[in-house]
Amino acid sequence: MMGSLLTISCVFSHTPSSITWSKDNTLVDTTTNSGYEKSSSAPNHYLKIETPKTTDSGAYRCVADYGTATVSGTATLVEIKGFSAVPTYTKVGATTAFTI
């Protein structure tokens, strides 16, 4: 399991002022939770989960804030099934790109 990384992405055609991520309708705080890291390379926005565990399974959602409007990506359900030399997981649902 060492060195494993799970990346969830969403795409927005315009650059938002900020992106937030939530898991199971709870904000993912990447400043206090060292297991999560968010990054962006427009138009792609990522949530990276270092060494994913079964407790990281859940419905993830990205929200783009444009100041006057917010747009959220379709939730992606990630189920972490088990551990071996390489972690296994199932992506249920799809990441959706939005144009505004």
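A residue counts as buried when its relative accessible area is under 20%, as exposed when that area is over 50%, and as partly exposed in between. That cut-off matters for K23, which counts as buried because its relative accessibility is 18%. The model described here is a predicted one, and its protein chain holds nine strands and zero helices.

**Overall composition**

- Read from the N terminus, the elements of the protein chain follow the order β-β-β-β-β-β-β-β-β.
- Of the 100 residues in the protein chain, 29% are buried, and the accessible surface of the chain amounts to about 5800 Å², with 54% of this surface belonging to carbon and sulfur atoms.
- Among the contacts in the protein chain that have a separation of 6 or more, 57% come from residues 24 or more positions apart.

**The sheet around β5**

- An open sheet is formed by three strands in the order β1-β5-β4, and the pairing is antiparallel; its edge strands are β1 (5-11) and β4 (36-41), each of which pairs on one side only.
- With direction ignored, neighbouring strands of this sheet are turned by 20° against each other on average.
- In general, the strands of a sheet pair through backbone hydrogen bonds, either parallel or antiparallel.
- Seven bridges connect β1 and β5 in the antiparallel sense, whereas β4 and β5, which also run antiparallel, are joined by six bridges.
- I49 of β5 stands opposite L6, and I49 is also the bridge partner of Y36.

**H45 and its surroundings**

- H45 lies in strand β5, which covers residues 44-50, and H45 is buried, with a relative accessible area of 4%.
- When neighbours within four places in sequence are left aside, the residues in contact with H45 are I8, S9, C10, F12, P16, I19, W21, S39 and S40.

- The peptide bond leading from A42 to P43 is cis, with omega near 10°.
- G35 is placed in the loop between β3 (26-27) and β4, where G35 is partly exposed at a relative accessible area of 22%.
- Not counting residues up to four places away in sequence, G35 touches K48, I49 and E50.
- From C-alpha to C-alpha, G35 and D56 are 9.6 Å apart in space, although 21 residues apart in sequence.

**Salt bridges**

- A search of the whole structure finds two salt bridges.
- In one of them the side chains of K23 and D24 meet, at 3.7 Å from N to O; K23 is buried at 18% relative accessibility, while D24 counts as partly exposed at 40%.
- The side chains of K53 and D56 also meet in a salt bridge, with an N to O distance of 3.7 Å; here K53 is partly exposed, with a relative accessible area of 44%, and D56 counts as buried at 6% relative accessibility.

**Loop residues with positive phi**

- N25 is found in the loop between β2 (18-23) and β3, and the phi of N25 is near 65°, a positive value in a residue other than glycine.
- The relative accessibility of N25 is 74%, so N25 counts as exposed.
- T51 is not a glycine either, yet T51 has a positive phi of about 45°; T51 lies in the loop between β5 and β6 (58-65).
- With a relative accessible area of 30%, T51 is partly exposed.

How values were computed:
Residues are numbered from 1 along each chain as its sequence is written. This is a predicted model: local features need pLDDT of at least 70, side-chain atom pairs count only at pLDDT 80 or more; totals for chains, interfaces and linings use all residues. Side-chain values use heavy atoms; hydrogens and water are left out. Helices (H or I, at least four residues) and strands (E, at least two) are DSSP runs, numbered from the N terminus. Buried means under 20% relative accessible area, exposed over 50%, partly exposed in between (1.4 Å probe, protein chains only). Contact means heavy atoms within 4.5 Å. Accessible areas come from the Shrake-Rupley method with a 1.4 Å probe; for residues, only the protein chains shown count as cover. A salt bridge is a side-chain nitrogen of Lys or Arg within 4 Å of a carboxyl oxygen of Asp or Glu. Two strands pair if DSSP finds at least two bridges between them. Axes are lines fitted to C-alpha atoms, for helices over the stretch in contact, and angles run from 0 to 180 degrees between N-to-C directions.
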